[in-house]
Amino acid sequence: MESSDTRYAQSGDVHIAYRVFGAGPFDLVFAMGMDFPSVEFHDHADGSDFNELTDRMRVLRFDKRGTGASDRVSGVPSLEERMDDVRAVMDAVGLERAALLGHVDGAAMAILFAATYPDRVFALVLFQGKPRFVRAPDFPWVPTRGEYEQGTQSWLGELLDSAQLERAFATRLQRPISDAVVRERARATRLTMSPGSLLALRRMNMDIDVRGALSTIQVPTLIVHRSADLDDESDTSATDIARYMAAQIPDSRVMEVGRFDWMPFRAIADFLVEAWERRAVERRRVLATVLFTDLVDSTAKAAELSGAWPSLLAEHNAAIRRELARFRGETIDTAGDGFFASGFDGPARAIRCGCAIREAVTSLGLGIRIGVHTGECDVVDGKLAGLAVAVGARVAAQAAVVEVLVSGTVKDLVAGSGIAFDARGLSELKGLGEWPLFSVAGLG
């Protein structure tokens, strides 16, 4: 297996470490779980089975920000920032489009990336993946928040105690393995992830919920799960989660492996080769974040200012376009004194853009309402349409003066961003039923 040395891609101010393995007609980006050893230790991590991939394609592995050889960062990296890192690494290698393999917490990011950037993904593989990590009334197959926190503390104890970590690896691998290999794997894990980064990433996971993105994935998807939990052979919740995701993702299939089995690289390679040959399938839907603005009492203001109104309205329009450009958004349409925008790299940037627009417009002495929603949009003649657009407009209509109001979907997708919200409760959106809405209380 040919491999490059560790290289770095620039993602904003952060350096993301990556390595490239193998060669082939297409590419696979490997988004590993938080405890998997850094790219610096890859040669000790996967064994010869990994050649099933690298003999048939080029594979790109990277270290999440805050882990491994990538830059350490303060705070918790959001899914949005982690998607930025994937794009940065792909751009550094020159990948216009690739398959994406997500493992554990890497799977949640991979789900959102595939839904948000369908032009850059031709296939998706999820191993031990889940769209949500803590229990909800309609998602009962994962731990409660309290149970998840207990698991975090148990994992932290292993990371702080070398002997305990080595015993845990020897138990979980369930196959003949030398003491030297166990020690090397434990050492690699400690050098990949600090206790602080473990706590930050695990606690971010408790707020992740990407279930709303599942139905918008338009690429062939392979969902691989183990037959039972490593620590409890009676726990078959992974099967239920896999079936749940398969029911939501239109073009998906499920594969089960044994309780102690690692990734079935040969089967994954076969699936990706097939997907590559089908890659010309046309995309019709996309996950998008939409932002709507609406001036408050503009008619009365226009009457009050008379001849000065056109100039003030032009300043308002210029301010909104300036902030949209700063946060990588684009104007989709305008209606009177309101804007419909999208194109953001993720919902957190749309929220920050909305807050910047609010500050800019209120400094002109004007009141404004702003609404943000993320959902499945139809692409019609290059423009966005569909239910998500209607929801975004209705959310903006519910906003109070100088308020940035978001849907519950948006709140779930910005876990780890530092953005704070005040719950507005359930609101009736005209013609669309009741939706949970949240007011932006702070940007962190």
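This is a predicted model: local features need pLDDT of at least 70, side-chain atom pairs count only at pLDDT 80 or more; totals for chains, interfaces and linings use all residues.
Residues are numbered from 1 along each chain as its sequence is written. Local features need pLDDT of at least 70 and side-chain atom pairs count only at pLDDT 80 or more, while totals for chains, interfaces and linings use all residues, and side-chain values use heavy atoms, without hydrogens and water.

I start with the cores. A nonpolar core is a set of buried Ala, Val, Leu, Ile, Met, Phe, Trp, Tyr and Cys residues joined through side-chain atoms within 4.5 Å; buried means under 20% relative accessible area, with a 1.4 Å probe and protein chains only. The largest has 55 residues, and Val 29, Phe 62 and Phe 113 touch the most other members. Helix H3, residues 105-116, gives the largest share, 9 residues. Helices here are DSSP runs of H or I, at least four residues, numbered from the N terminus. Another core, of 30 residues, lies apart and includes Ala 350 and Phe 421.

Next, Asp 85, in helix H2, residues 79-93. Asp 85 counts as buried because its relative accessibility is 1%. Beyond neighbours within four places in sequence, Asp 85 is in contact (heavy atoms within 4.5 Å) with Ser 11, Ile 16 and Arg 65.

Last, the helix pair. The axes of H4, residues 145-160, and H7, residues 195-205, come within 10 Å and cross at roughly 165°. Axes are lines fitted to C-alpha atoms over the stretch in contact, with angles from 0 to 180 degrees between N-to-C directions. H4 and H7 are therefore roughly antiparallel, the term for angles over 145 degrees.

How values were computed: Helices (H or I, at least four residues) and strands (E, at least two) are DSSP runs, numbered from the N terminus. Angles under 35 degrees count as roughly parallel, over 145 as roughly antiparallel, 65 to 115 as roughly perpendicular and the rest as oblique. Buried means under 20% relative accessible area, exposed over 50%, partly exposed in between (1.4 Å probe, protein chains only).
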